[in-house]
Amino acid sequence: ILCIGASIEINGVVYDSGNPVGMETLAGAASTGCDSTVNITVSYYPLADSLIQQTLCQNEFITVNGTIYDRNNPTGSEVLSGAAQRGCDSTVIVDLSFIQEATASLSGDTVVCLGDTATIFFNFTGAGPFDIIYAVNANTIPLTGLQSGASVAVVVNATTTLSLVSVVSTLNPTCPVLLPSS
């Protein structure tokens with residue numbers, strides 16, 4: 001039994017996948033000095049293939065056999081020399097997919113008089129719903145299960161500042177949600 005792609009030479013004849021069966025006479029090779037006849041059948045160990053099929057966040061990557069697989073290089077195959085059964089080669093197929101990058105922002109009334117109530121909208125892209133923490137001045141307020149377009153009312157004073165503190169997609173909690181820069 002040989003590794004896939006290997007061959008063996010017997011009596012000057014190469015046996016491989018293209019010539020797997022034969023008979024050879026080995027002159028004077030028997031214990032009595034007579035000729036010996038050998039029937040040859042070459043067989044192979046099964047292929048050692050494996051599949052890495054994962055879904056990753058946009059900025060994640062994996063390394064297989066020294067090759068980096070990321071959103072710019074999501075598929076390929078690697079041959080791991082001698083890594084399979086009985087020292088045969090192993091092939092690893094890489095097939096990655098990536099979760100759409102999520103973003104979050106605030107929008108709302110741009111002109112509001114002091115003491116009035118402003119409606120603030122939470123805008124999201126990517127897979128939701130979203131759990132957020134937003135801040136009105138120094139007070140943080142958690143909200144859960146929001147979809148894009150959800151809103152809150154905020155009473156405006158002379159120093160009202162609104163910001164998103166954190167946003168997590170409940171569908172993909174390990175992937176970061178991009179927040180607008182201040």
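Analyst: Happy to! Strands here are DSSP runs of E with at least two residues, helices are runs of H or I with at least four, and both are numbered from the N terminus. This is a predicted model, where local features need pLDDT of at least 70 and side-chain atom pairs need 80 or more, while totals for chains, interfaces and linings use all residues. Residues are numbered from 1 along each chain as its sequence is written, and side-chain values use heavy atoms, leaving out hydrogens and water.

Let's begin with the loops. N65 sits in the loop linking strand 6 (62-64) and strand 7 (67-69). Its phi is positive, at about 55°, although N65 is not a glycine. With a relative accessibility of 46%, N65 counts as partly exposed (buried means under 20% relative accessible area, exposed over 50%, and partly exposed in between, using a 1.4 Å probe and protein chains only).

N11 is another asparagine to look at. N11 is partly exposed, and its relative accessible area is 45%.

P129 lies between strand 11 and strand 12, in the loop. The bond that joins G128 and P129 is cis, with omega about 10°. Why point out these spots? Most residues other than glycine have a negative phi, and most peptide bonds are trans.

Now for the rings. How many aromatic pairs does the structure hold? There are two, where Phe, Tyr and Trp rings (for Trp, the six-membered one) pair if their centres lie within 6.5 Å; planes under 30 degrees apart are stacked, over 60 edge-to-face, and the rest tilted. F122 and Y134 make an edge-to-face pair, because their planes meet at 65°, with ring centres 5.3 Å apart. F122 belongs to strand 11 (residues 117-125) and Y134 to strand 12 (residues 130-136), so this pair ties together parts 12 residues apart in sequence. Both F122 and Y134 are buried.

F124 and F130 give a stacked pair, because their ring planes are at 15°, and the centres are 4.3 Å apart. F124 is buried at 8% relative accessible area, and F130 is buried at 1%.

Strand 11 also takes part in a sheet. Strand 10 (residues 102-108) runs antiparallel to strand 11, and six bridges pair them (strands pair if DSSP finds at least two bridges between them). F122 turns up again here, as the bridge partner of L106. The open sheet has four strands in the order 14-11-10-16, with mixed pairing. Strand 14 (150-155) and strand 16 (177-178) are its edges, each pairing on one side only.

Strand 8 and strand 9 (residues 90-98) run antiparallel, joined by six bridges. To find one of these contacts on your screen, look for V79, whose bridge partner in strand 9 is T91.
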